Amino acid sequence: MVRTTAAGVVCAGALAAVTAVPAQAQEPAQAHEPQLSAHWELKDTGSPAVRFRGLAAVDRDTAWLAGSGGTVLRTTDGGASWRNVSPPGAGDLQFRDVEAFDARRAVVLAIGEGEASRVYRTEDGGATWTEAFRNTDPRAFYDCMAFFDRRHGLAMSDPVDGRFPILSTADGGRSWTVLPQDGMPDALAGEAGFAASGQCLVTAGSKDVWLATGGGARARVLHSADRGRTWTAADTPIPAGGPARGVFALAFRDRAHGLAVGGDYRPDQSSPSAAARTRDGGTTWRPAAAPVSAYRSGVAWLPHSRTAALAVGPTGTDLTTDGGRTWRTVDSGSYDTVHCTPDFGCWAAGEKGRAARLER
């Protein structure tokens, strides 16, 4: 599926117990509700040299991975086996995002300056690929991509001439055009997106989209309610002030409730106050009372819950069961990105060919 953000029920971690939360609940689950336990179960991708920062889960059986060395993998049997469906001639590219509509149709984004930023599309499960977009502006560097539905999607670049370029498609990724920039606020000095997990650009519903930034004096989230034509910017409490610091990933379970995680990606630097939440569509952001324990590059709501979500990074997985107010570490494995589907198909991926599915 496209990268939607339904909330979730089970938790990741080393057999961590999590309260199941009904979709209709407005507050954290009550003590009498059933308990579930789950853990990440590694799935051998056969690609130990690849770092997978792009992940698109379709369901518990089907998922797509995109990573370094122009690598794209697909599973249709829950990770028991993976098929290498990489586009021919893409070995020098760095794929950082993938959006999948089903087991056959997917769109992948390669990052980099100038022509290194490209979009490829497949309609036959990766047997063949079509190059749908190649960036011709040497100043642009595309970071992330997101879809509202099977037809409409966006991709974002680091600022050019002081504003973030937005690429738009209305035909499922077959063709792309750069939107006018008159509705985009000015970027801060040094501000950019982070191509760390494919989650610096996310959508909820048919028109709302959010863009995460860092690198500037303040870490911000930009919001558009009209599919990227006009934007507003809001400061977050996540620390910035340097090229390695800011908001790395967003997740919205609806057009009002969202989570932001990030920090400082350098392994020798601490990442305090690296989580925030919003209840008004990103107009205002509040810091987590107990934030994630370290830098986190990916975040996802768990299916059918209003309060449970996972955040992942190179040093582990954190869980919230109260809508992002508090987080606790539940697993120490290294992952860069996470994605959940309505049938409880939660997947994670990262360095050294790592891919895992959440198992009860």
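**Strands and their neighbours**

Mentor: β7 and β8 form a hairpin, with 5 residues between the two strands. Strands here are DSSP runs of E with at least two residues, numbered from the N terminus. This is a predicted model, in which local features need pLDDT of at least 70, side-chain atom pairs count only at pLDDT 80 or more, and totals for chains, interfaces and linings use all residues. Residues are numbered from 1 along each chain as its sequence is written, and side-chain values use heavy atoms, with hydrogens and water left out.

Trainee: How many bridges join β7 to β8?
Mentor: There are 6, and the strands run antiparallel. Two strands count as paired if DSSP finds at least two bridges between them. Glu99, for example, has Val107 in β8 as its bridge partner.

Trainee: What lies between β8 and β9?
Mentor: A hairpin with 6 residues between the strands, where Gly112 in the turn has a positive phi of about 135°. The two strands run antiparallel, joined by 5 bridges, and Ala110 stands opposite Arg118 in β9.

Trainee: Changing topic, what is the strand order in the open sheet?
Mentor: The order is β3-β4-β5-β6, with antiparallel pairing. β3 and β6 stand at the edges with a single partner strand each, so one side of each has no neighbour in the sheet.

Note on methods:
Helices (H or I, at least four residues) and strands (E, at least two) are DSSP runs, numbered from the N terminus.
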